[in-house]
Each structure stands twice: as C-alpha cells, then as structure tokens.
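Biologist: Please take a close look at one single part of this model and walk me through its surroundings. Then tell me what else deserves a check.

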Amino acid sequence: MSRIQSRFAQLKNNQKTALIPFVTAGDPNPGITVELMHNLVKAGANLLELGVPFSDPMADGPVIQLASERALENGVSLSDVLNMVTEFRQNDPDTPVILMGYLNPVEVMGYDNFAKRAAQAGVDGVLTVDLPPEESDDLIKALHPQHIDPIFLLAPTSDIRRIERISSHASGFVYYVSVKGVTGSKAVDVDAVANKLAEIREHIQLPLGVGFGIRDPETAAQVASVADAVIVGSALVQKIETLSPEAVLVELPALVGKMRAAMDAV
Amino acid sequence: MLNPLHTGNEHLPDDRGHFGPYGGIFASETLMAPLTALRQAYEKYREDSTFIAEMDDDLHHYVGRPSPLYYAQRWTKRLGGARIYLKREDLNHTGAHKVNNTIGQALLAKRMGKTRIIAETGAGQHGVATATVAARLGLECVVYMGTEDIKRQSLNVYRMRLLGAEVRGVSSGTKTLKDALNEAMRDWVTNVDDTFYIIGTVAGPHPYPMMVRDFQTVIGREAKQQLHAQTGKLPDALVACVGGGSNAIGLFHPFLEDKSVAFYGVEAAGDGLETGRHAAPLCAGRPGVLHGNRTYLMEDNDGQIIGTHSISAGLDYPGVGPEHAWLKDSGRANYVAIDDKEALDAFHELTRLEGILPALESSHALAYCKKLAPTMEPDKIIIVNLSGRGDKDIHTVAALEGIEV
C-alpha cells in the first residue's frame, strides 16, 4: 500500500478528513522549507503539497504567482525541490508528499529521470496542472514503476466522460477544483461542491480532495463534511508576503492548527 | 465554391491536435470542456456555408481583401537578384494580418452565444484587431498586455481604448506577451461560461493552432492566385517573420505540397543569437511545454521560461506555433534569425525605395529577403509577407535616432 493510500485508510478509520496544506518550495527562502513542512505536520497536516516554482504559472492567482517568483529569485529548481523532500524524509517517513507544479521543468529533467529521482527522494504523488489525462500516458508510464501516484484535477466544468477518463488514469486521490478560476480567486460554494462530489463518487472510488478558495477554518470545516481531504494553499501562502521567515514558521502552522481544530469539531 | 477554410493540405494536426510530437492540449482541467466546445463549434462552422459566406463578406467589404500582391521593382533592382513581391497585409483594415483571424473567431464567438471577448497582445496589433471586431459586434472586450509592451506601444493602447476595449496591464513575470497570455488564460478559466478567448497566433492548446492557421491561410491562397495571374508561375521562396508564427503559417500553408517552393521563417535575433538576448526559439531553443502546447521554447536548464528580447514587440515571445516546430523538424521550412539592426536597416530601405513603411516585425522578413534575393537568379521569385504597417513603430524608430516625435 502506498503512503497516500495508507494515510487515507488510516484517516477513514479514525473518521477524520485529511488536511493538505500547500506551500511553494523555497518561499520565502529555501532554508526554511523543510522545517516549515515538519511544523505543518505537527500542526495537523496529514499530507503535504509542495509547489515546484515555475516562471509561467497559468493556473494560479496572484498569491501563488508571487510565491513562485520569490522562489525563483532564490534560484530554486526542480532538483532543489527533490533535495528538500529527501531532507524532509530523514525525519518524517510517513507523511505523504505531493509535488504540484507545471509540466515543463519535468519535461526538461526527462520523465524517467524525474520519476526515479522523485521516488528516491520520497515523493508520493505528482500533480502537473497543465497535463490533462489525454497527454499523460508517457509520464504515467514513468511514474508507475516508481510507485508514484499521478494526481489529477477535476473541475466544475468536468462532465461524466471526463470524470470517467480521469478515473481510469488517476491513483492516490483526485483533486477537485472547487471553483471556476485560478487558485485563491473566489470563495467556495459548499453546496455546489457537495453536489458535484456526489456525482464524481458515482464514478471514482479514490479519495476526493477539494481545493481552491478555502480561506478560513469555518470553510475548511464545511468542506471537510463533504470531502475526503481539504487542500489549503493561497490562504497560507498569502501570509508569507508580509511575515518574516521566523514568523512564517509559526504563523502558517498556527492557521493549519485552527483549520484542523475546526474540521475535527464537526 | 472551394471552402476557404480548407487548403487541402491539412494532414495535420491529428484529432488531438498533434503536429508530430508538437502541439496537443496541455491545459488545466477547467479549460478542457470549453476547449472541446470550441473545437466542436469550429468543426461545425468551418463546413457551414452561411458562416463561410459571412466571413468572406467581412473579409472583402470590411477588411478590404484581397490585399494586393505588389512587385517591388526598385527594391528588386537594388538587391540585384530574384524578383520580389510583397503581400500587402499592411493594407488590411487595422493595419496587419491579425484581423483575418479576429474576424473569424469573433463570428464563431457570436454563434457560440458568448458575450465577452478577451485577448492577449504584444505589439498591440492583435489587440487592436480584436477590439475592432468586438466594437463592431457589440461585444465586451478586455485585452491583456504586458506593462513593458504598454510603454513601447502606447499608440495601439490608445487605439484599443478608443474602440471601447479595456486594456489591462500585466506586471507579472517579464511583463510582456507571454505574461499577457498567462493572464488571459486566467481570465478565461474564471469566466468560461460567457467568455470567448481570441488567441492571436498559431499557438495555445488545440484547436487554436489549427483554427488560427485556417483563418490566416487566406494570405497564401490569395498570393498564389495573384502571382499566377501576374506571372503564370509559382514563387520559388516565401519569406515571413515568425513570433508565434500566424502570418508565416498563413502564407506557407497553401504551398505545403508545392515542393519547389522554399519556406523561410524569420525569427528575431534581438541583439544577436550569440548574446542570448533574442526571441528565436526555433533557431536557438529546444522543445518544451508552454501555453497549452509542446513546441520549441526559450528556456533555461531548469525548464523555466526565459525573457526574450526584440526591437519588435510582436516577435518578443519565447515560444512558437507547434506547426512551425513540426515544419522545422521535418525540414519543410527553414528558420533563420535577423537581429534588431538588420531589421531596422530593412525598415529604412523599403520606406525609401518603395514608399512603404513596414512594421518592425515584417522588417525582419524584409531583412532576410535582402540576404536571400542576391543569391538567386533574376528569373526567380520571392514573396515576402508584409504582415503589418509601421506607423505603430514610429516612436520606437525615432527614439533610436534620438528624435522626439
């Protein structure tokens, strides 16, 4: 059983919803990323999404765009991100780590090379935002022998045919984009999400995570009541814009802790 | 009547938008449904005689097509080689080839019931062409433009505003065309229900590279007929500038099966290919994935897209249409690069010898023609795509000469 599968199974036994925070690797500086990851886990994160910075983050709103720019100013490459995961794994053998980013850095590293290095580093899942299942065969072929799950997105615009297609390609979990828009753009409509998740569950047995537009503990708790995982990105990353690195290490886990508490209180 | 959206040469792309290993659909999940809807609508209307008739009527009465094919006699004599014909896309309404495509896409938007148009623009020509058709159809229009480009193309910014479009400055990344495209994609993903995204070049996810190409092939079809009428011959070489590559593909495509016709796509060498400050992905880049398709890109060793440089905002783009990537690999087309200085020299030479002020983009094609023509016999024929007029560039040229206009 993969780390992602066993983590979701364990949460299900405990009747808990997964909380998955997203931070961009190397933001605000590469030196604190691993410590931040550990602190997020201590605060109640069950899986981690680590953003791989990219120069042209087309699917992201201004908050994650700026995070990507800060990381790139620090010279953070895909290789550096894999090194951070390696370092993280030395002290945390259990928490699944999902890389989230865009395809081009992976293309340049080469699919097989990337998959091997990611597996060695201890990466569990890979979500490339601009790689729909239609174009994903080669990457999946490289990831599967390394036991890395390809994570796919579903959106409010995905019809049944697309849901079925993604069902046949995805493993680990499926990430439902709760709003039409970019990351951090608008508030999530929980009722609409609940309806769509019900539709998706008729075709997909994998756990369903929900992200985009979850800003506060109240919304996290509402979404937790209908989803298998709550994914929080922009609300955390936005704090980095104004905080010192030392404060980032405290304040981001504090928000995750509040979300965890609100989700567990439901 | 021949369907003008079929050249008979559309063996590619395949049904998933691939030109060999290039092209495809590399888009986020939210856009997959609207891209499918767009492809289905386009495939339906390209066979619809009412749609075709309306488009042809607009191209004739509104754009002013056919654009002339002009024998540049004095310039030919100066260069002392092949005879040079200029395809005068600069004489189209709004001053460039861009309107051929915006007319088609706007008619499609109307039929799809969309009420809002968005576009990206670099030099502003596509933005103006989009704002123009949006004004005429009474559609809301938002144009994204890098703040760097807004500075160097202020005339076109004002034109768009006069036409009723909202010009939104994009200050992320390199603040140029690629970032404007990112921002337009973000707008589209947010407003998919009522919004039609008019991409201005043969890039982006399928079906854009195919659809924009089809709308631009009017250039090559006319040129072929016109040259035949004037000389009874096929050309020996076609020369066009390549940023994203829409004017070049529009000229080349109807000649794809005419193997005696050589194609030259001219990229922007900026300060020179050796300096790294250029916009020539086909000449000096390598394949990767950006903006919805796999193609040649300007990127660093980590796969980050790098900033480009060209005197011409319309060529200042780190990618290129996937069909050009395919034409390069297959050897059907040659891709070369012209630096800023060579383009400026050609700009001045054509202006003085022929009384035609070319766009700085098109001046790259002209500059390559200056090198090519003298190597060919006088009975040979070159067609250069004069893709746009140079009025928008007067401030740039004047500033380089220290003159305030």
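Modeller: A residue counts as buried here if its relative accessible area is under 20%, and as exposed if it is over 50%. Keep in mind that this is a predicted model.

Take strand β8 of chain A, residues 208-211. L208(A) and V210(A) point one way from the strand. G209(A) and G211(A) point the other way. All four are buried.

Now the neighbours. On one hand there is strand β7 of chain A, residues 174-177, joined to β8(A) by four bridges. The two strands run parallel. Y175(A) stands opposite G209(A). To get from β7(A) to β8(A), the chain passes through helix α9 of chain A, residues 190-201. That β-α-β crossover is right-handed.

On the other hand there is strand β9 of chain A, residues 229-232. Two bridges tie β9(A) to β8(A), again in parallel. G209(A) has a bridge partner here too, namely A229(A).

F212(A) sits in the loop between β8 and α10 of chain A. Its phi is near 80°, a positive value in a residue that is not glycine. Most residues other than glycine have a negative phi. F212(A) counts as buried because its relative accessibility is 9%, and the limit is 20%.

Compare Q15(A). Its phi is also positive, about 55°, and Q15(A) is not a glycine either. Q15(A) lies in the loop between α1 (3-13) and β1 of chain A. Q15(A) has 76% relative accessibility, so it counts as exposed.

Next, the packing. V230(A) is one of the residues with the most contacts inside the largest nonpolar core, which has 72 residues. L50(A), L99(A) and F114(A) are listed alongside V230(A). Helix α12 of chain A, residues 245-265, gives this core its largest share, seven residues. A second, separate core has 59 residues, among them Y42(B), L59(B), V192(B) and Y197(B). Nonpolar side chains tend to be buried together in soluble globular proteins.

For checks elsewhere, start with the peptide bonds. Most peptide bonds are trans. The bond from D27(A) to P28(A) is cis, with omega near 0°. P28(A) is in the loop between β1 (18-24) and α2 (33-42) of chain A. Chain B has a cis bond between H206(B) and P207(B), with omega about 15°. P207(B) falls in the loop between β8 (195-197) and α9 (208-216) of chain B.

D187(B) lies in helix α8 of chain B, residues 177-190. D187(B) counts as buried because its relative accessibility is 5%. Not counting residues up to four places away in sequence, D187(B) touches R116(B), I118(B), Y144(B), R168(B) and T195(B).

Definitions and conventions: Residues are numbered from 1 along each chain as its sequence is written. Chains are lettered from A and ligands numbered from 1 in the order in which they are written. This is a predicted model: local features need pLDDT of at least 70, side-chain atom pairs count only at pLDDT 80 or more; totals for chains, interfaces and linings use all residues. Side-chain values use heavy atoms; hydrogens and water are left out. Buried means under 20% relative accessible area, exposed over 50%, partly exposed in between (1.4 Å probe, protein chains only). Two strands pair if DSSP finds at least two bridges between them. A crossover is right-handed if, with the strands pointing away from the viewer, the path from the first strand over the helix to the second runs clockwise. Contact means heavy atoms within 4.5 Å. A nonpolar core is a set of buried Ala, Val, Leu, Ile, Met, Phe, Trp, Tyr and Cys residues joined through side-chain atoms within 4.5 Å.
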